[in-house]
Amino acid sequence: MARTALLPSSDHVLPGGRVEITIAEIRYIRMVKEALASNSGFTMCMVNEADENQEIKKIPAIATLVNIVDFNALDGGLLGVTVEGRKKIRLLDIQIENDGLLIGEYKPYVQWHSLPITSKTQCLSDKLKLFYSTMPDIGALYPAPKYHDLSWICQRWIEILPLEVRYKQLLITQESPKLTIRFLLRLLNTEYNDESSAM
């Protein structure tokens, strides 16, 4: 059974996404050091901001394996780490090590295939570009953004929208981004006809 260290976080990341996190606790500093030494990465688990201290009780089933793409030492012994989402997984069991680090057993979960942008969904790409232009610190994480890939765009929107984790989990457990596309187009007040060409 595959095993991975877990980081419950209100900073959400999905495959293809990037996020900068600050590591403060000794258990997570160990996690980062071991991930770098083994080049194995670790797993980020979606939690609501209010639930970050609840940890194991609030960890949902679907999480994201991530790779470390950059890191640096910060003042006070902290670590600044940039991670990139690799793939979704389903957690099957969680154990707690002596220092409190959570270790999960998992199996792979369905990944979304690349989908082309259509005239109906071009607005999702355009508005994501606009968002990143107004949030340059986030936009700078993506030197080669995939604005032509609808699945990539949908996952970036899921990451940044202020939705409760249960709703994000509902979207990412789908076998395709079809439900997310409908949700985003309605949220952004864009007329959408459910045509198979947009899927």
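Predicted model: local features only at pLDDT ≥ 70, side-chain atom pairs only at ≥ 80, totals over all residues.

Trainee: Ok, helix α4, residues 150–160. How many of its residues are buried?

Mentor: Ten of the eleven are buried, meaning under 20% relative accessible area with a 1.4 Å probe, protein chains only. Helices here are DSSP runs of H or I, at least four residues, and strands are runs of E, at least two, numbered from the N terminus.

Trainee: What do they pack against?

Mentor: The buried residues of α4 pack against α2 (122–134), α5 (165–172) and α6 (178–187).

Trainee: And which residues touch the most others in the largest nonpolar core?

Mentor: Leu124, Leu128, Trp152 and Trp157, in a core of 27 residues. Such a core is a set of buried Ala, Val, Leu, Ile, Met, Phe, Trp, Tyr and Cys residues joined through side-chain atoms within 4.5 Å. Its largest share, six residues, comes from α4.

Trainee: Switching topic. What volume does the largest cavity have?

Mentor: About 50 Å³, counting the space filled by probe spheres set on grid points joined across faces, edges and corners. A cavity is a set of points on a 1 Å grid over the protein atoms alone where a 1.4 Å probe fits but cannot get out, and lining residues have an atom within 4 Å of a point.

Trainee: Which elements supply at least two lining residues each?

Mentor: β3 (42–46), β4 (62–73) and α5.

Note on methods:
Residues numbered from 1 in each chain as written. Heavy atoms only, no water. Buried < 20%, exposed > 50% of the residue type's maximum accessible area, 1.4 Å probe, protein only. Contact = heavy atoms within 4.5 Å. 1 Å grid on protein atoms, 1.4 Å probe; cavity = no way out; pocket = protein on both sides within 12 Å on 5 of 7 lines; lining within 4 Å.
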